Amino acid sequence: ISIVVPTYETKEQFLRELLDCVVNQTYNNWECIIVDDGSTDNTVSLVSDLQNKYENIKLLSIQNSGVSNARNIGIRESKGTYICFLDADDFYKDSSIGDLIVMAIENDVDIIRGKYCIFDGNKFNSNVCNVSNRLLNKIVDGSVYLNECVRTKTIEVVPWLGLFKKDYLIKNSLFFPLGIGYEEDQVFFLKALLCQKDNKLYQTNLCFYCYNSSSQGVTKRPSLQQALDVLAIVKQELDFIDSISLDKKTKKSSLKYVSLSFYQLTSIYGRLNKKDRLFIRKSIEKKYAKC
């Protein structure tokens with residue numbers, strides 16, 4: 001397994017916790033690829049020290065170009081049969097990554113999804129990832145998975161919630177959209193589900209990932225760029241849907257999925273200034289009138 005970790009000036013405390021959780025996994029056949037996106041703090045020196053201690057930790061330093069590019073480089077440089085993405089301020093629960101990779105290999109799936117919990121700095125909150133019982137512990141294709149998740153409103157698009165077979169990503173040119181810094185995982189996951197008709201997905205009940213809410217800090221004020229990112233993602237999703245053949249049910253689910261992406265705009269739009277709101281309205285009228 002290849003664990004891809006994009007970093008950008010991550011607090012030393014969180015980065016050490018992440019690397020400790022990786023090193024302490026009971027499953028030993030792993031590599032951890034740290035892709036540092038132009039940090040100016042001590043991130044590189046910290047990882048370099050650990051790299052000297054553990055030969056399966058790999059550090060790649062790149063010029064600042066965003067999380068999508070960092071993940072894409074990690075995909076291309078990975079050597080594992082399976083790839084997982086780990087955000088630099090989160091960590092794995094116990095030694096559960098080994099259980100996940102065993103299930104993926106035993107079932108020979110292209111994608112396996114688990115569950116996650118939230119860590120608030122003091123305790124683990126209960127599992128917050130709802131999954132339809134119709135999907136648990138069985139192999140389905142991407143359209144079945146999408147239809148059921150949309151029907152039950154349990155869609156989780158985050159890329160770190162499971163493993164992807166590397167051959168599947170490369171064969172289908174599945175990479176994150178460059179130049180997008182907000183909601184970039186929406187279009188990636190939609191393509192991952194539908195790019196190949198005979199793909200195999202497996203949903204397990206295993207809670208393996210810990211989302212560290214204590215690292216998130218103060219929420220930044222929404223920006224015009226975030227709104228433009230959402231519009232760009234929606235456009236890419238619609239173009240992708242138009243480029244493939246879908247049955248009526250899956251087409252409907254796909255468009256509902258796109259509406260979830262578009263809905264992200266509502267939380268941004270109302271907090272933009274008047275000039276930016278006008279710009280967004282004109283952009284929608286010009287590019288997305290058919291929607």
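Me: In S9, what is the bridge partner of isoleucine 111?
Reply: Leucine 201 is the bridge partner of isoleucine 111 in S9. Keep in mind that this is a predicted model.

Me: In which sense do S6 and S9 pair, parallel or antiparallel?
Reply: S6 and strand S9 (residues 201–212) pair in the parallel sense, over eight bridges.

Me: And how many bridges join S6 to S8?
Reply: Three bridges join S6 to S8 (residues 162–165), and these two strands run antiparallel. In S8, leucine 163 stands opposite isoleucine 112.

Me: Why is S6 described as largely enclosed?
Reply: Strand S6 covers residues 111–119, and eight of its nine residues are buried, so the rest of the structure largely encloses it.

Me: Back to leucine 163. What does it touch?
Reply: Leaving out residues up to four places away in sequence, leucine 163 touches residues including Ile1, Tyr82, Ile83, Cys84, Ile97, Asp110, Ile111 and Ile112.

Me: Switching to the core. How many residues has the largest nonpolar core?
Reply: The largest nonpolar core has 82 residues, and Tyr92 and Leu163 have the most contacts inside it. Helix H8 (residues 224–243) gives the most to this core, with seven residues. Apart from this core lies another, of five residues, among them Ile33, Val35, Ile62 and Ala70.

Me: Which residues of H8 are buried?
Reply: Among them are Ala227, Val230, Leu231, Ile233, Val234, Leu238, Phe240 and Ile241, and also Asp229 and Glu237.

Me: What span should H8 have?
Reply: At 1.5 Å a residue, the 20 residues of H8 should span 28 Å, and the end C-alpha atoms are 29 Å apart, which agrees.

Terms used: Residues are numbered from 1 along each chain as its sequence is written. This is a predicted model: local features need pLDDT of at least 70, side-chain atom pairs count only at pLDDT 80 or more; totals for chains, interfaces and linings use all residues. Side-chain values use heavy atoms; hydrogens and water are left out. A nonpolar core is a set of buried Ala, Val, Leu, Ile, Met, Phe, Trp, Tyr and Cys residues joined through side-chain atoms within 4.5 Å. Buried means under 20% relative accessible area, exposed over 50%, partly exposed in between (1.4 Å probe, protein chains only). Helices (H or I, at least four residues) and strands (E, at least two) are DSSP runs, numbered from the N terminus. Contact means heavy atoms within 4.5 Å. The expected span of a helix is 1.5 Å times one less than its number of residues. Two strands pair if DSSP finds at least two bridges between them.
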